[in-house]
Amino acid sequence: MPSVHVHPLVVRIAHWINALAVLIMITSGWQIYNASPLFDFTFPGTVTLGGWLAAGILWHFAAMWLLVVNGVVYVTYGLVSGHFRRKLLPISPRAVLKDVGAALRGRLAHENLAVYNAAQRAAYLALIVCLAILVASGLAIWKPVQLHPLALLFGDYEGARYVHFFAMVAVALIVLVHVVMVILVPRTFPSMFTGRIHEKA
Ligand code: HEM
């Protein structure tokens with residue numbers, strides 16, 4: 001069966017480092033949240049990382065460097081090599097609505113897996129934007145005095161906490177849908193390791 005090259009090596013390495021960093025950031029973030037909840041609930045200990053506040057913070061900061069350095073490499077590569085332009089653009093609200101509608105009815109075509117459909121493009125772009133917002137609001141919470149202008153961008157320190165929380169919710173939900181889509185179209189999974197995808201016979 002012939003195969004085509006779909007994912008450059010840089011993208012594959014960055015993707016898996018990113019997936020690990022996001023998993024650590026979210027679960028350790030839930031641990032930190034539990035020490036001072038914004039809402040009327042806390043996260044169960046079984047899904048939090050660290051065991052207690054100080055260890056949660058250590059995990060959060062360690063993974064933050066991984067996420068930021070890896071993110072800078074991925075975004076720089078995406079912009080400079082034309083990867084983003086080729087794979088994530090063009091995109092229009094009409095095409096996204098059409099493909100999301102087709103996906104919900106189980107009618108989204110997966111003939112050419114070398115090209116992302118509009119729903120995928122929107123999801124990947126939204127993930128990149130939400131992760132940038134997460135990092136910016138996280139920096140504002142971490143150094144609210146030194147980075148006061150950044151905190152002001154989110155209203156104030158409290159505002160930055162809410163933005164940080166809801167950007168996490170957005171990332172978690174999009175990743176959940178993303179993983180469900182991978183399970184529904186399993187041929188895509190090995191391609192994120194090998195870079196190649198087998199065309200349907
Ligand atoms: C266990 C979890 C994950 C699995 C199994 C997974 C799997 C995949 C696969 C198979 C693709 C290629 C899709 C295709 O060719 O049609 C992909 C692409 C992508 N995934 Fe994931 N993923 C996971 C977690 C994540 C996370 C946590 C993020 C970000 C927060 C993420 C962001 C992306 C992005 C942005 C792309 C497009 C990459 C590009 O072409 O530049 N993924 N993922």
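Student: Quick one to start: is the crossing of helix 2 and helix 5 left-handed or right-handed?
Tutor: The crossing of those two, helix 2 and helix 5, is left-handed. Keep in mind that this is a predicted model.

Student: OK. And which residues of helix 2 and helix 5 make the contact?
Tutor: On the helix 2 side you have Phe61, Met64, Trp65, Leu67, Val68, Tyr74 and Val75, and on the helix 5 side Ile128, Val135 and Trp142. By class, that contact has 10 nonpolar residues, with no polar and no charged ones.

Student: What angle do helix 2 and helix 5 pack at?
Tutor: About 135°, and their axes are 12 Å apart. Helix 2 covers residues 53-81 and helix 5 covers residues 118-142.

Student: Let me zoom out. How many helices and strands are there in the protein chain?
Tutor: Eight helices and two strands. Going from the N terminus, the order is β-α-α-α-α-α-α-α-α-β.

Student: And what box do the C-alpha atoms fill?
Tutor: Roughly 55 × 35 × 30 Å, taken along the principal axes of the protein chain.

Student: Back to pairs. How do the axes of helix 1 and helix 2 cross?
Tutor: At roughly 150°, and the axes come within 8 Å. Helix 1 and helix 2 are therefore roughly antiparallel to each other. Helix 1 passes helix 2 in a left-handed crossing.

Student: What classes of residues are in the contact of helix 1 with helix 2?
Tutor: You get 21 nonpolar, seven polar and no charged residues there.

Student: What about helix 5 and helix 7, at what angle do their axes cross?
Tutor: Roughly 150°, with the axes coming within 8 Å. That angle makes helix 5 roughly antiparallel to helix 7. The crossing of helix 5 and helix 7 is left-handed.

Student: Which residues meet there, in helix 5 and helix 7?
Tutor: Helix 5 brings residues including Ala123, Tyr124, Leu127, Cys130 and Ile141. Helix 7 brings residues including Tyr157, Arg161, His164, Met168 and His178. By class, the contact of helix 5 with helix 7 has 19 nonpolar, four polar and one charged residues.

Student: New topic: pockets. What volume does the second largest pocket have?
Tutor: About 790 Å³. The second largest pocket is lined by 29 residues, and Gly29, Ile32, His60, Ile141 and His164 lie nearest its centre.

Student: Which elements give two or more residues to the lining of the second largest pocket?
Tutor: Helix 1 (9-35), helix 2, helix 5 and helix 7 (157-184). Helix 1 gives the most to that lining, with eight residues.

Student: How many residues of the lining of the second largest pocket are nonpolar, polar and charged?
Tutor: The lining of the second largest pocket has 23 nonpolar, five polar and one charged.

Student: Last one: which peptide bond is cis?
Tutor: The bond from Leu89 to Pro90 is cis, with omega near -5°.

Student: Where is Pro90 found?
Tutor: Pro90 is in the loop between helix 3 (83-88) and helix 4 (93-104).

Definitions and conventions
Residues numbered from 1 in each chain as written. Predicted model: local features only at pLDDT ≥ 70, side-chain atom pairs only at ≥ 80, totals over all residues. Heavy atoms only, no water. Axes fitted to C-alpha atoms, helices over the stretch in contact; angles between N-to-C directions. Helix = DSSP H or I, 4+ residues; strand = E, 2+ residues; numbered from the N terminus. Left-handed = near helix turned anticlockwise from the far one by under 90°. Contact = heavy atoms within 4.5 Å. Nonpolar A, V, L, I, M, F, W, Y, C, P; charged D, E, K, R; others polar. 1 Å grid on protein atoms, 1.4 Å probe; cavity = no way out; pocket = protein on both sides within 12 Å on 5 of 7 lines; lining within 4 Å. Points joined across faces, edges and corners; volume = space filled by probe spheres on them. Parallel < 35°, antiparallel > 145°, perpendicular 65-115°, else oblique.
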